[in-house]
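Please look over the sequence and the model below. A short report on the fold follows.

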Amino acid sequence: MRSRYSAFCLRNPDYLLATLQKDIRAKETRKALLKSFAGTQWRQLKVIRCQRGLLGDKAGEVEFAAFFTQDDEGGQLHERSRFVFEDERWFYVDGDILPPISLSRNEPCWCGSGRKLKKCHLA
Ligand SMILES: [Zn+2]
């Protein structure tokens, strides 16, 4: 999951396509991924919860919030993603989009500045 986040940050469509479960991969295109990169800067990943996804498991779920800016506006993707283990590797299947989370004042700011929220982007 973290590696897919990194690939989004680095705008690496080939890796993102390669880690999609094969039935899903057929529906995604490199062009659509490249389009989705335009104007989006990923700032920070917060992994909230992992379920299963350990050695010997065939499926796993990861809930995360990924923070981004787009055209200078802050945004957040809060998702519960499903992965399957096939051919000795994890593949992304799909995910549920969840309502945005709130960070507490003492957590690292979503923008990736390294400062606490209360000393950075607390509105
Ligand atoms: Zn900030």
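## Overall layout

This is a predicted model. The protein has 4 helices and 4 strands. Along the sequence their pattern is α-α-α-α-β-β-β-β.

The C-alpha atoms occupy a box of roughly 45 × 35 × 20 Å along the principal axes. Of the 123 residues, 9% are buried. Take the contacts between residues at least 6 apart in sequence: 35% of them join residues at least 24 apart.

## The sheet

The 4 strands form an open sheet in the order β1-β2-β3-β4, and the pairing is antiparallel. The edges belong to β1 (40-52) and β4 (89-97). Each of these two has a single partner strand, so one side of each lacks a neighbour in the sheet. On average, neighbouring strands are turned by 30° against each other, direction ignored.

β1 pairs with β2 (residues 59-70) in the antiparallel sense, over 11 bridges. Within this pairing, V47 stands opposite F64 of β2.

## A helix across the strands

Which strands does helix α1 lie across? Helix α1, residues 2-9, lies across β1, β2 and β4. Its direction is at about 170° to β1.

## The nonpolar core

Nonpolar side chains tend to be buried together in soluble globular proteins. Here the largest nonpolar core holds 5 residues in all. They are F67, F68, L103, C109 and W110. Two of the members, F67 and F68, fall within β2, which spans residues 59-70.

What does C109 contact beyond its neighbours within four places in sequence? C109 is in contact with R115, K116, L117, C120 and H121. C109 is also a member of the largest nonpolar core.

G39 sits in the loop between α4 (30-37) and β1. Is G39 buried or exposed? G39 counts as exposed, because it has 11 C-beta neighbours inside 10 Å; the cut-off for exposed is 12 or fewer.

Leaving out residues up to four places away in sequence, G39 touches Q70 and D71. Q70 belongs to β2, whose residues are 59-70. β2 is the strand that pairs with β1.

How far is G39 from C120? The two are 81 residues apart in sequence. In space, G39 and C120 are 22 Å apart, C-alpha to C-alpha. C120 is one of the contacts of C109.

Notes: Residues numbered from 1 in each chain as written. Predicted model: local features only at pLDDT ≥ 70, side-chain atom pairs only at ≥ 80, totals over all residues. Pairing = 2+ DSSP bridges. Axes fitted to C-alpha atoms, helices over the stretch in contact; angles between N-to-C directions. Contact = placed C-beta atoms within 7 Å. Core = buried A, V, L, I, M, F, W, Y, C linked by C-beta atoms within 7 Å. Buried ≥ 20, exposed ≤ 12 C-beta atoms within 10 Å, placed from the backbone.
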